[in-house]
Each structure stands twice: as structure tokens, then as C-alpha cells.
Amino acid sequence: MGGVRGICLGLATAFVAAASSSVAAQPTDNASSSSVARCQRADFRVVLDVGHTRRSPGAKSARGVDEFDFNLRLANMVDQALRDAGFAKTVLLVTDGPAVRSMYTRVAHANELGADLLLSIHHDSVPDRFLEKWEFDGKNETYCDRFKGHSLFVSDDNPYPKDSLAFASLLGRQLKARGLQYTPHYAESFMGHYQHKLLDADAGVYRYDTLFVLKKTHMPAVLLEAGSIANREEELQLETADRRQLTAASVVAAVDAFCAARPTKPSAPEVARHRSRTRHVASMHPRRHARDRTASAVQPKPDMH
Ligand SMILES: [Zn+2]
């Protein structure tokens, strides 16, 4: 792992260098910086995976709104921003049905699309023990104001771990450049079962090998938790078009830099090292488990994303 991480960070540095030169570039004005690698935006396919489904909607916000609603709104804005920037092959992947089945469906669709990159869009919550009760709009809800901020996750079991980390680092730095801060709490021991190794402390990228959508897709893949909807203040921010716009602009800049630094589709996975050992499975959204337990009980229990 240590060796892989060292390689990854070196590659990420190269990607960031490209990002700083090409962030503002548009499809028609690339000629202004001839020394910088070019992204053929029209040929580069991004799959935007909308986390969860209407039927299995993920976490609940402090005000009782489904995570799926937040994911869909943000993904729609990112989709539009990418298309406006010339990434015409972008695909918005909205999946239906129960949680477990939808995971297999979304991964199968993503792999069929022959995409260059997958970004799975989510919003975060907290383990149950951090939740407090309050009343909002006459209903009993739960919240946690202790943590706020976005976070990024990559899997070392993805066929392209270096590229996945490189894109995550690019995106994290673009978010940071727009004044958004990642949450550091996933690296803390008090997270216990939900603790993750921080791979890029500047960009807020964590390692989460068992995330199904990351390890089963056949292209570089990153999961974005765009912010905590359990945090009462951040939930209000995440509901605004301004906040979504900041995230969407960050994604466009990061995708463009990634595309420019990786202009051709890889012919083979970087490392063929999918492991056969049984893994313990965790989830980012523990509150969802109660609802999904019935479906999970009769099937292998992969990660719920
Ligand atoms: Zn989620």
C-alpha cells in the first residue's frame, strides 16, 4: 500500500500542475495556452452516478429530506455544467429499485458505457450515536452539528487506483480553491468502524476499498460526499444553488485537468489485483441499514453505495 500511495501522489502532482493551467480553458479558447496538454472534451465520457434510489433514498437530512433528493439536484447541475463546458458525452446515471439490486444495476450500466471516469455523488450523515433529537416543522427529526464539510473516497480495489486518487486529489483542490473545507473526522479513531485512512490531507481524499461502486467499476472512480445533510447549518447551505454551483464548477475544472493529463483511454487496468479474500463490509450511511436489512439478509452484503 505504501508503495502504491507514493506512486499515486506523484501522479497526482502532475495532474494538479495540468489543472492549474487549464482550469479556465473552454473548448474554443484552448489555443491561448499551447504548451498545456489538451483535453478532447467531446470525446471524454464522464458518468455521474446519482447515489441511492428513490426507493432506497440513503440518509435523512436534519430536516427530514432524503439524501437522494440532494444527490439528484447536485448531479443535475454538475451534468449541465459539464455539458456547457463541452463534455457532451456526459451521462447522468439515475438508478431505481431496492438498494442492493440497484448497486449491481448502476455498476453494470457504468461499465457498459465505456466511460473514462465515474463520479458517484452523495451527501453525508453520521453514525447513529452522534445523532441528537429536535423538532422541525412539527416533526421529530435528528441532527448532528458536530461535523461539516465534504469528503472524497477512492478504493484501492478499483482497477485504476492511481488515476482514481489523482482525480480525487484534483477535485479536492478545486473545492478547496473555492473556499470549501473537507471534513477531517473520518481519519479519527472515534469513528471506529467508519474510520478511514486519509490519503491526501490537502485535498481530503480517504481510502475506502470496499465501496461497491468504486471497486466494481471498470474505470477510474471517485465517490464525493458533497457535505453533511445531518448538520443543520450545512444542510441549508447544500440546499442553495450557490453551493451546488461551487461544487459543479470544481468538478468541471477537475475533469478537464484529469482529461488533459490522461488524454487516451487506458488499454488495461493499472494493477490486476482484485483480491479474493472476504472483506468486512461497511457503509457511509448507517441509518440506512435498518431500512435495507431485509434486502441484505438474503444476498451477499456488499457496500451499500
Ligand atoms: Zn450516500
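Biologist: Which residues is Val 255 in contact with, leaving aside its neighbours within four places in sequence?
Modeller: In this predicted model, Val 255 is in contact with Val 46, Leu 82, Phe 87 and Leu 117.
Biologist: And what about the largest nonpolar core, how many residues does it have?
Modeller: That core has 71 residues. Val 255 is among those with the most contacts inside it, along with Val 46, Leu 171, Val 222 and Phe 258.
Biologist: Which helix gives the largest share of this core?
Modeller: Helix α7, residues 241–261, with 11 residues. As a general point, nonpolar side chains in soluble globular proteins tend to be buried together.
Biologist: Switching to α3, which of its residues are buried?
Modeller: Ala 99, Val 100, Ser 102, Met 103, Arg 106, Val 107 and Ala 110 are the buried ones in α3.
Biologist: Where do they fall when you look down the axis of α3?
Modeller: The buried residues of α3 fall within an arc of 160 degrees, so they line one face of the helix. In general, an α-helix has 3.6 residues a turn, so residues three or four places apart point the same way.
Biologist: Nice! How far does α3 reach from its first C-alpha to its last?
Modeller: With 14 residues, α3 reaches 20 Å, close to the 20 Å expected at 1.5 Å a residue. Just after α3, Gly 114 takes a positive phi of about 60 degrees.
Biologist: Zooming out, how many helices and strands are there?
Modeller: The chain has 8 helices and 9 strands, and 48% of its 305 residues count as buried.

Technical notes:
Residues are numbered from 1 along each chain as its sequence is written. This is a predicted model: local features need pLDDT of at least 70, side-chain atom pairs count only at pLDDT 80 or more; totals for chains, interfaces and linings use all residues. Helices (H or I, at least four residues) and strands (E, at least two) are DSSP runs, numbered from the N terminus. A residue is buried if 20 or more other C-beta atoms lie within 10 Å of its own, exposed if 12 or fewer, and partly exposed in between; C-beta atoms are placed from the backbone. A nonpolar core is a set of buried Ala, Val, Leu, Ile, Met, Phe, Trp, Tyr and Cys residues joined through C-beta atoms within 7 Å. Two residues are in contact if their C-beta atoms, placed from the backbone, lie within 7 Å. The expected span of a helix is 1.5 Å times one less than its number of residues. The arc is that of the directions from the helix axis to the C-beta atoms.
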